[in-house]
Amino acid sequence: MTVPFIDLRRFEPDLLERWAVLCREISAHTQFVGGPRVAALEARMSELTGGHVVGCANGTDALQLALRAAGVGRGDRVVIPDATFWATYEAVVNVGADVITVDVDPDDLQMDLELCREAIEKHQPKAVILVHLYGWGSARLDAFRELCRERGVTLIEDGAQAWGSTWRDDSVYRDAELATISFYPAKVLGACGDAGAVVCRDEDMARTVRQLGNHGRTQHYEHGLIGWNSRMDGFSAAWLDLALDYLDERLASRRHAATSDRGRLGALGVTVAPVPEGWRDSGSLAVVRFAPADRPPGESVR
């Protein structure tokens with residue numbers, strides 16, 4: 001029996017009909033790149049997160065835009081956790097900076113706060129990327145934010161997997177200086193293609209992110225920065241805006257399934273990673289842990 005990681009063909013009864021209407025409208029008005037659909041999504045997400053949201057082409061670009069907007073470049077150092085998706089590492093290298101990796105806390109599986117503190121003291125980084133993995137994040141999120149404020153280090157929160165997760169009963173993005181989101185289709189909130197976003201606490205920072213993602217433009221043929229092309233398209237924005245209408249019910253279903261899986265796995269004697277205190281997870285994953293000696297022969301961890 002093959003169980004798919006995610007079934008992207010499961011739709012609410014009226015979703016495809018509503019989507020077909022949107023596709024006709026977008027096509028009729030040729031709102032293919034940027035435009036009112038993207039602006040409407042950004043406004044809605046800004047209200048939900050409490051920040052200034054800028055859409056972009058994908059989650060990896062979101063990380064690079066955030067790093068560049070924070071002034072990270074050649075010769076700078078950036079601290080990241082050593083357990084993360086490759087894009088976190090890749091984004092730092094792509095902006096010309098050097099990567100400093102630190103281990104994760106075995107309790108919440110997120111970056112270890114004390115090791116991060118040591119890395120800041122030793123390497124004097126320009127930024128730290130704290131990754132919110134598995135549908136939750138660090139149990140010491142507030143302490144990470146305070147540490148980076150005290151040391152004058154930009155904290156970028158890689159929230160690629162975190163949409164729908166809450167920290168202390170509010171959006172995890174709400175108090176972030178800079179945060180990034182991926183809308184890859186398999187995410188809890190996924191687009192109909194690739195898309196991403198950057199959430200900025202500061203409005204000026206958001207303007208810089210937007211400029212960087214649109215060839216550094218100040219006007220159509222005037223360019224104040226060296227940027228690149230990372231604009232969200234109208235179809236992705238419309239799909240995401242539509243999906244938000246159904247998200248509460250989807251989150252409830254996911255959380256129910258994840259809770260059930262954790263209980264069943266625990267009953268089988270499998271060590272299940274608990275959701276840290278203060279977090280309400282998105283039901284993205286039910287995570288299990290194995291001691292190195294208990295892993296099947298031939299398996300490796302890199």
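**Strands, helices and cysteines**

Tutor: Strand 1 and strand 9 (residues 196-200) run antiparallel and are joined by five bridges. Strands here are DSSP E runs of at least two residues, helices are H or I runs of at least four, both numbered from the N terminus, and two strands pair if DSSP finds at least two bridges between them. This is a predicted model: local features need pLDDT of at least 70, side-chain atom pairs count only at pLDDT 80 or more, and totals for chains, interfaces and linings use all residues. Residues are numbered from 1 along each chain as its sequence is written, and side-chain values use heavy atoms, with hydrogens and water left out.

Student: Which residue in strand 9 does valine 54 stand opposite?

Tutor: Valine 198. Histidine 52, in turn, stands opposite cysteine 200 in strand 9.

Student: How many bridges pair strand 8 with strand 9?

Tutor: Five, in the antiparallel sense. Alanine 179 stands opposite valine 199 of strand 9 there.

Student: How many of strand 9's residues are buried?

Tutor: Five of five, where buried means under 20% relative accessible area, exposed over 50% and partly exposed in between (1.4 Å probe, protein chains only). Gly196, Val198 and Cys200 point one way, while Ala197 and Val199 point the other way. For strand 1, four of five residues are buried.

Student: OK, zoom out. What's the strand order in the sheet?

Tutor: It's an open sheet of seven strands, in the order 1-9-8-5-4-2-3, with mixed pairing. Strand 1 (52-56) and strand 3 (98-102) are at the edges with a single partner strand each, so one side of each has no neighbour in the sheet. On average, neighbouring strands are turned by 20 degrees against each other, direction ignored.

Student: And which strands does helix 3 lie across?

Tutor: Helix 3 (residues 59-69) lies across strands 1, 2, 4, 5, 8 and 9, and runs at about 165 degrees to strand 8. Axes are lines fitted to C-alpha atoms, for helices over the stretch in contact, and angles run from 0 to 180 degrees between N-to-C directions. Helix 6 (residues 141-151) also packs on the sheet, touching strand 4 and strand 5, with contact meaning heavy atoms within 4.5 Å.

Student: At what angle do helix 5 and helix 6 pack?

Tutor: About 10 degrees, with axes 11 Å apart. That makes helix 5 roughly parallel to helix 6 (under 35 degrees; over 145 is roughly antiparallel, 65 to 115 roughly perpendicular, the rest oblique).

Student: Which residues meet there?

Tutor: On the helix 5 side, Leu113, Cys116, Arg117, Ile120 and Glu121; on the helix 6 side, Ala143, Phe144, Leu147 and Arg151.

Student: New topic: how many disulfides are there?

Tutor: Zero in the whole structure, a disulfide being a pair of cysteine sulfur atoms within 2.5 Å.
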